[in-house]
Amino acid sequence: MPKILLSTTVRWPSAARLAGALSESGCAVDALFPDNHPLSASRYPTTRFAYRALAPLASLAKAIHQSQPDLIVACDDRAVSHLRTLHEAAPEFRTVIEHSFGDPQSYAGLVSRSGFIAAARQAGITAPETVSVDDEASLEFALRLIGLPAVLKADGSWGGDGVAIVQDIDAARAAWRRLSATPSRLRGLARALRRKDAHYLAKPARPAISLQRYIPGTPATSSFFCWKGQVIAANHFDVLNTCGTAGPASVVKRVDDAAMEAAACRLASQFGLSGLHGLDYVRDAQGKPHLIEINPRATQTSHLGFGPGHDLCAALAARAGGHGFGRTPIPGRAVALFPQEWRRDRTSTWLKSAHHDVPWDDPRLVDACLASNA
């Protein structure tokens, strides 16, 4: 039975959903997570490790040393960053990190939004022009190049934070100042107390900002598992509902899309990727998907299984050395993600018309998700 170590620094329920899906696929699952995480309520993790925001690398190193995993799965962007740093700082962990993700050096091209889109466009993938913006002078130059409306994005942000759609030059200047500002110590303390997250106590680095051409349309997304540059299993979705204007998806519908499949395969090959990853798109009025960013980590749809070739966790388990037990495929194609759609609207018709993705086999996790606002 292969051992998988989940690593997460934020209290998203998606990490707990992965624990269940990987366990059902024939893996033993250990998990590193912060206090009050839904994972603490799940019945699936075999060993639980405490993540300390003020000592992240020590927490991660201890978990890897004691777990001795076959593969590590990062469940958020900060967890990916910690693994990249540990790869350089601790040679004894390099083998398992490289086995889990491919070459960590390639991730520099993934976490830079402008650099990644440039690489995707060079590979022939349809994606909006995206340029780095270092100061207000370069912002105005980029706006003349790209035009308005446009989208400003801060590297290292997620869940809709760090993104601003701007309609005019004044709004663009204001958004750039807000996104590029380094929070004061006092503001950091206030945010740490309000969000119950000690990460805000550390002095943050100034984020890199990019400007992207705005594509009108509807969101779409992919999740895929790849191994040494080859896509093994993938699911592509149209997003039917989101949590807020620019927030994460709450209802998705699996689609067959040759362009999205080809993009995943080209990017996996180009960057030599292994592990779980996600891609975000905007589908234009003609139905064409435009790639807008990558999530080089597990995403909130990674646990969903739709049968052979569309069950990422079963594929991961098989590649890690296990049997990769096939799970019962999700019926139909539309999925109301739990607890996202339930929190968005408890009277939503999608909770009845789509497959409501409730982990009934993990009742304490259901209770924890219903009680949490994370």
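Where is proline 149 found? Keep that question in mind as you read these notes on the model, which is a predicted one.

1. **Two cis peptide bonds.** Proline 149 sits in the loop between helix H7 (136-146) and strand E6 (150-154). The bond joining leucine 148 to proline 149 is a cis peptide bond, with omega at about -5 degrees. Phenylalanine 338 and proline 339 are also joined by a cis peptide bond, and here omega is about 5 degrees. Look for proline 339 in the loop between strand E14 (334-337) and helix H12 (340-344). These are worth a look because most peptide bonds are trans.

2. **Two positive phi angles.** Asparagine 36 is not a glycine, yet its phi is positive, at about 65 degrees. You will find asparagine 36 in the loop between strand E2 (28-33) and strand E3 (47-50), and it is exposed, with a relative accessible area of 66%. Lysine 228, not a glycine either, has a positive phi of about 55 degrees. Lysine 228 belongs to the loop between E9 and E10; it is exposed, and its relative accessible area is 65%.

3. **A sheet of seven strands.** Now follow the strands across the open sheet: the order is E13-E12-E9-E10-E11-E14-E15, with mixed pairing. Strand E13 (289-295) and strand E15 (355-357) are at the edges; each has a single partner strand, so one side of each has no neighbour in the sheet. From one strand to the next, the twist averages 30 degrees.

4. Strand E10 (residues 230-242) and strand E11 (residues 249-255) run antiparallel and are joined by six bridges. If you want a place to start, find phenylalanine 237, which stands opposite arginine 254 in E11.

Methods
Residues numbered from 1 in each chain as written. Predicted model: local features only at pLDDT ≥ 70, side-chain atom pairs only at ≥ 80, totals over all residues. Heavy atoms only, no water. Pairing = 2+ DSSP bridges. Helix = DSSP H or I, 4+ residues; strand = E, 2+ residues; numbered from the N terminus. Axes fitted to C-alpha atoms, helices over the stretch in contact; angles between N-to-C directions. Buried < 20%, exposed > 50% of the residue type's maximum accessible area, 1.4 Å probe, protein only.
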